[in-house]
Amino acid sequence: MKLFDSSSSPFVRKVNVVIHALGLESRIERLVQAAHPINRDARLVRHNPLGQVPALVLDDGSVLSDSRVICEYLDHLAAGGLFPAAGAARWQALTWQSLADGLLDAAILLRYEHNVRPEPQRWPGWVEAQWAKIDSVLDALDAAAPKLSTQLDIGTLSCACALGYLDFRFQDSAWRARRPAAAEWAARMAAHPSLRATEPQARA
Ligand SMILES: N[C@@H](CCC(=O)N[C@@H](CS)C(=O)NCC(=O)O)C(=O)O
């Protein structure tokens, strides 16, 4: 399998955490790929019409895109158990994944606002609205953290990747300051070998 990979993408990091946790590394060939929302890369678009990473090319040539789909596929392939099979645990894990991905969508839009959108076209009210989303998810995580598992599953690993992205790209956000429970939970999650092995590297 070939993975369109970017060391700075938090969505790719989710996939890489799953690959590491399930011991699938030897089955993955990496195609290093920067994804840009305006300057789209034709090679990537050929495989994923959205032009986004991650995308996974399977051995039969078919392509899976979106971190959610790829993570679930890999978990299924390895009978991994990172997606709880049924019941409340499954819906809770999928909901945490969705909240974490939503936080990341807002964070990535902020990043594009600062780095891609021409300055005269920037809109402070819109930036504030993205931060409001991020803050609400962080508050929900802080409220849930005392009872939230620190075992690796698709929900917890997605939240850990989302928090890691804030640390990586938004060091000034000081998200921990008002959220001690989430901060403690994040520290415990960050100790997982699969999260340590996938810490974001590139700063560009
Ligand atoms: N829902 C997608 C989001 C993927 C995504 O936003 N990837 C970013 C990089 S972090 C990207 O490829 N951006 C380029 C673009 O949106 O055109 C997922 O979960 O994989």
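Predicted model: local features only at pLDDT ≥ 70, side-chain atom pairs only at ≥ 80, totals over all residues.
Residues are numbered from 1 along each chain as its sequence is written, and side-chain values use heavy atoms, with hydrogens and water left out.

**Ligand contacts**

- A polar backbone atom of Val53 lies 2.8 Å from a ligand nitrogen.
- The side chain of Asp66 has an N or O atom 3.0 Å from a nitrogen of the ligand.
- For Ser67, a side-chain N or O atom is 2.6 Å from a ligand oxygen.
- The ligand alone exposes 510 Å², and the protein buries 89% of that (Shrake-Rupley method, 1.4 Å probe; for residues, only the protein chains shown count as cover).

**Nonpolar cores**

- A nonpolar core is a set of buried Ala, Val, Leu, Ile, Met, Phe, Trp, Tyr and Cys residues joined through side-chain atoms within 4.5 Å.
- Buried means under 20% relative accessible area, exposed over 50%, and partly exposed in between (1.4 Å probe, protein chains only).
- The largest core has 52 residues. Leu56, Leu74, Ile134, Leu141, Leu166 and Trp185 have the most contacts inside it.
- Helices that each supply at least two residues of this core include H1 (10-22), H5 (124-144) and H6 (154-169). Helices are DSSP runs (H or I, at least four residues), numbered from the N terminus.
- H6 gives the largest share of this core, 10 residues.
- A second, separate core has seven residues, among them Phe4, Val12, Val53 and Ala55.

**Inside helix H5**

- Gln130 is found in H5. Gln130 is buried, with a relative accessible area of 7%.
- Leaving aside residues up to four places away in sequence, Gln130 touches Ala106, Leu109 and Leu110 (contact means heavy atoms within 4.5 Å).

**Cysteines**

- The structure holds zero disulfides (a disulfide is a pair of cysteine sulfur atoms within 2.5 Å).
- The sulfur of Cys71 is 8.2 Å from its closest cysteine sulfur, in Cys161, so the pair is too far apart for a bond.
- Cys71 is buried at 0% relative accessibility, and Cys161 is buried at 1%.

Notes:
Polar contact = N/O pair within 3.5 Å; in protein donor to acceptor, adjacent residues only side chain to side chain.
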